[in-house]
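Have the model open and follow along.

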Amino acid sequence: MSQKSVCVRLRAWIAMGLLVMAGAGWRAAAQQAPQTPEDQQPAQPPVYGAKDAPATQEGGSATAGVFAPVLDSEKRPITAGGFVKSGPVIFQDVSKESGLTTWKHKMGTPQKPYIIETIGSGVALLDYDRDGWMDIYLVNGSTRAALDGKEAPPKAALFHNNHDGTFTNVAEQAGVTNDRWGFGVAVGDYDNDGWPDLYVANYGKNRLYHNNHDGTFTDVAAKAGVQLGNWSTGPSFGDYDGDGRLDIFVPGYIHWDMNHLPLAGSAAVGFANCSFRGATTMCGPRGLPGEPDHLFHNNGDGTFTDVSEKAGVSDKRRYYGFSSTFVDINNDGKVDLLVTDDSSPNYLYINKGDGTFEDASFFSGFALNQDARETAGMGIAVGDYTNNGRLDLYTTTFSDDYKTLYRNDGDGNFVDITPQMGIAEETYPFLSWGDAFFDYDNDGWKDLMFVSGHVYPQVDQHNWGTSWSERPLLFHNEEHGKKFVLMPPVEGTGLADVLPARGAAFGDLFNNGKIDVVINCIDHTPVLLKNVNPDHNHWVGLLMIGGPKSPRDAIGTKVFLTANGIRQRDDVMSGGSFESNSDMRLHFGLGTATKVDKVEIQWSDGQKETVELPGVDRYYAIEEGKGIVPSVYDKIAAEMAANKTMASAAK
């Protein structure tokens with residue numbers, strides 16, 4: 001065993017020892033010292049009413065403690081204030097003009113007495129009709145009355161991109177309204193027919209919407225064997241065994257029983273007083289039974305087989321799973337699996353290449369933060385923000401805790417460097433969800449953004465320095481990844497929006513090379529933040545198409561692009577953020593460079609290829625083994641160039 005491996009294992013041993021000694025919310029941890037790090041990981045949190053649960057158990061979500069309220073100059077919580085009169089205008093809220101506000105999310109009642117009413121839902125960007133423009137799928141929630149048939153269920157939305165800045169909801173015609181209590185969504189072409197399909201995770205039975213190539217979808221989840229039946233959250237597609245077919249991973253959150261609802265002080269929670277900072281709230285997730293995770297193997301005939309146990313990713317400890325994605329973390333050519341868990345350690349499963357995974361969560365450093373403490377992991381962002389070829393991670397967490405930046409030190413080992421980067425303190429008051437690394441100003445360096453909103457409506461009645469609706473935070477990558485700088489919330493711009501945000505998807509909705517943000521807000525209309533940053537940097541976008549031995553949509557493929565002396569990396573991924581799916585086209589900011597020096601592709605089947613791009617400021621379709629191929633983007637690029645010429649002439 002190498003010295004580095006010994007150090008990593010020692011770090012994991014120490015972290016787990018501290019976690020057990022300190023309790024860190026796991027009051028019912030094992031009573032004896034571990035024999036090996038693999039054998040000793042925190043057990044399932046105590047369940048309300050269980051014999052070994054302490055009488056004082058109150059449940060709730062993991063935080064770092066209780067902190068003094070942070071208020072702005074007008075005595076508003078900093079989460080809903082701190083605005084400035086002038087500064088850079090980066091995003092503009094165009095939700096109303098785009099047509100998105102014709103739809104509204106609904107989940108439970110405004111009082112939120114139960115945790116199932118507070119989580120919110122995800123959003124996906126996909127080109128469902130293959131016209132070259134990103135469309136928007138918004139998952140909706142539901143109510144107890146709807147489940148009982150006493151009222152019409154809320155419906156999901158599929159907004160078709162009209163190519164002119166507006167969108168039309170075609171969910172009814174497309175057959176994707178879901179009509180169930182929805183949470184997460186993932187995009188993937190599971191049958192390799194060249195058309196994106198949708199997996200929607202619900203409380204109750206899940207949906208697998210097969211794309212019929214004519215603007216409609218058919219739910220084939222029952223036939224495919226992927227319905228499940230309790231509470232699923234943020235799914236993802238990925239080819240874990242390298243057979244060229246996409247498999248499906250589905251995290252489980254809480255094992256929920258609508259006939260025994262966990263109301264504070266009730267028998268369902270052992271008469272516990274569920275509270276936050278002394279105020280009575282909904283109960284959970286701690287103290288409630290967890291729901292297992294599931295991995296479905298694609299059989300290649302339209303059906304799937306549950307291989308969770310065999311593959312080693314079934315979540316035997318019943319952590320509270322939220323978001324997931326498949327991506328090659330250790331650069332060995334095989335996609336690994338990341339899962340964020342609420343108020344329990346995160347999972348990092350390393351792909352062993354034989355159909356199974358090694359649980360490297362603790363050894364890697366990703367399970368806990370630098371205080372050897374589990375966080376309330378919500379969203380997961382994956383990206384190479386230092387341009388060193390290694391993927392770094394960022395997880396969003398509960399309020400009264402910082403959001404966590406994990407630097408990849410190689411071989412799948414991570415270090416929490418959030419405080420050292422100076423981006424911990426500013427995030428404590430925020431309760432955050434969807435997140436992503438992306439290059440908003442096209443300077444060649446990935447920036448970082450997340451959206452937020454609380455789960456307790458009671459926060460607006462208390463001076464806790466936080467709020468039900470919260471503004472998004474955007475950090476600019478400066479000094480080549482050496483630091484992130486928080487961008488100011490300028491009044492009247494998107495960064496000053498105060499929202500009950502949950503899921504967020506990031507992508508180029510206008511095909512202009514700038515990354516926009518779509519936010520699914522709980523009990524609220526969706527929000528579209530259009531990127532209007534006034535930079536004049538160049539860019540290039542790539543639609544990757546896999547060959548016969550790869551998934552057709554190239555999930556798992558990684559691309560290294562060199563321009564202006566900078567070698568960037570981007571990966572084709574499904575899932576991630578919070579219960580959401582971003583634009584799966586790859587995006588590279590080029591700064592002032594007017595040409596790309598090299599594009600190196602490592603396809604998901606292991607094949608390597610180098611491609612030359614003839615220009616910049618447009619999208620290209622690249623097919624495995626064929627290089628650049630004709631596509632709808634040729635016409636779009638020509639139209640964009642003509643419009644630009646006309647605009648210049650008009651000036």
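This is a predicted model: local features need pLDDT of at least 70, side-chain atom pairs count only at pLDDT 80 or more; totals for chains, interfaces and linings use all residues.

A disulfide here means a pair of cysteine sulfur atoms within 2.5 Å. The rest is sorted by topic below.

**Cysteines**

- By that rule, the count comes to 1 disulfide.
- The C274–C283 link is right-handed, with 95 degrees about the S-S bond.
- Both of its cysteines, C274 and C283, are buried.
- Buried or exposed: what about C521? It counts as buried, because its relative accessibility is 0%, and the cut-off for buried is under 20%.

- The structure holds 2 cavities of 30 Å³ or more.
- The largest cavity has about 480 Å³ of space.
- Its lining takes in 29 residues, and F437, D570, M573, S582 and D583 lie nearest the centre.
- Strands β20 (380–383), β24 (432–438), β28 (501–507), β33 (566–571) and β34 (586–591) are the elements that give two or more residues to that lining.
- By class, the lining of the largest cavity splits into 13 nonpolar, 9 polar and 7 charged residues.
- The second largest cavity holds about 50 Å³.
- Around that second cavity sit 14 lining residues, with S61, I119, D342, F398 and V455 nearest its centre.
- The lining of the second largest cavity has 10 nonpolar residues, 3 polar and 1 charged.

**Open pockets**

- Over on the open side, the largest pocket has a volume of about 940 Å³.
- Its lining is made of 31 residues, and N511, N512, W539, M640 and K644 are the ones nearest the centre.
- β31 (538–545) and α9 (632–650) are the elements that give two or more residues to it.
- Which element gives the most to the lining of the largest pocket? That's α9, with 9 residues.
- By class, the lining of the largest pocket comes out at 12 nonpolar, 11 polar and 8 charged.
- The second largest pocket has about 560 Å³ of space.
- It is lined by 25 residues, with R130, G194, P196, L543 and I545 nearest its centre.
- β2 (123–126), β31 and α9 each supply at least two residues to the lining of the second largest pocket.
- The largest share of that lining is from β31, with 3 residues.
- Residue classes in the lining of the second largest pocket are 16 nonpolar, 3 polar and 6 charged.

**Aromatic pairs**

- A pair of aromatic rings is described by the distance of the centres and the angle of the planes.
- Searching the whole structure turns up 28 aromatic pairs.
- One of them is W231 with W256, an edge-to-face pair at 5.6 Å centre to centre and 90 degrees between the planes.
- W231 is in the loop between α5 (221–224) and β10 (236–238), while W256 is in the loop between β11 (247–250) and β12 (275–276), so this pair ties together parts 25 residues apart in sequence.
- W231 is buried at 0% relative accessible area, and W256 also counts as buried at 4%.
- Y385 and F484 make a tilted pair, because their planes sit at 45 degrees, with the ring centres 5.1 Å apart.
- Y385 is in the loop between β20 and β21 (392–395) and F484 is in strand β27 (residues 483–486), so the parts tied together are 99 residues apart in sequence.
- Y385 is buried, with a relative accessible area of 1%, and F484 counts as buried at 5%.
- Ring pairs also link F183, W231, Y253, W256, Y320, F322, W433 and F578 into a cluster.

**Charges over rings**

- R502 lies over the face of W468, at 5.6 Å from the ring centre.
- R618 lies over the face of Y620, at 4.2 Å from the ring centre.

Notes:
Residues are numbered from 1 along each chain as its sequence is written. Side-chain values use heavy atoms; hydrogens and water are left out. On a 1 Å grid over the protein atoms alone, a cavity is a set of points where a 1.4 Å probe fits but cannot get out, and a pocket is an open set with protein on both sides within 12 Å along at least five of seven lines; lining residues have an atom within 4 Å of a point. Grid points are joined across faces, edges and corners, and a volume is the space filled by probe spheres set on the points. Helices (H or I, at least four residues) and strands (E, at least two) are DSSP runs, numbered from the N terminus. Ala, Val, Leu, Ile, Met, Phe, Trp, Tyr, Cys and Pro count as nonpolar, Asp, Glu, Lys and Arg as charged, and the others, Gly among them, as polar. Buried means under 20% relative accessible area, exposed over 50%, partly exposed in between (1.4 Å probe, protein chains only). Rings of Phe, Tyr and Trp (its six-membered ring) pair if their centres lie within 6.5 Å; planes under 30 degrees apart count as stacked, over 60 as edge-to-face and the rest as tilted. A charge sits over a ring if NZ of Lys or CZ of Arg is within 6 Å of the ring centre and within 35 degrees of the ring normal.
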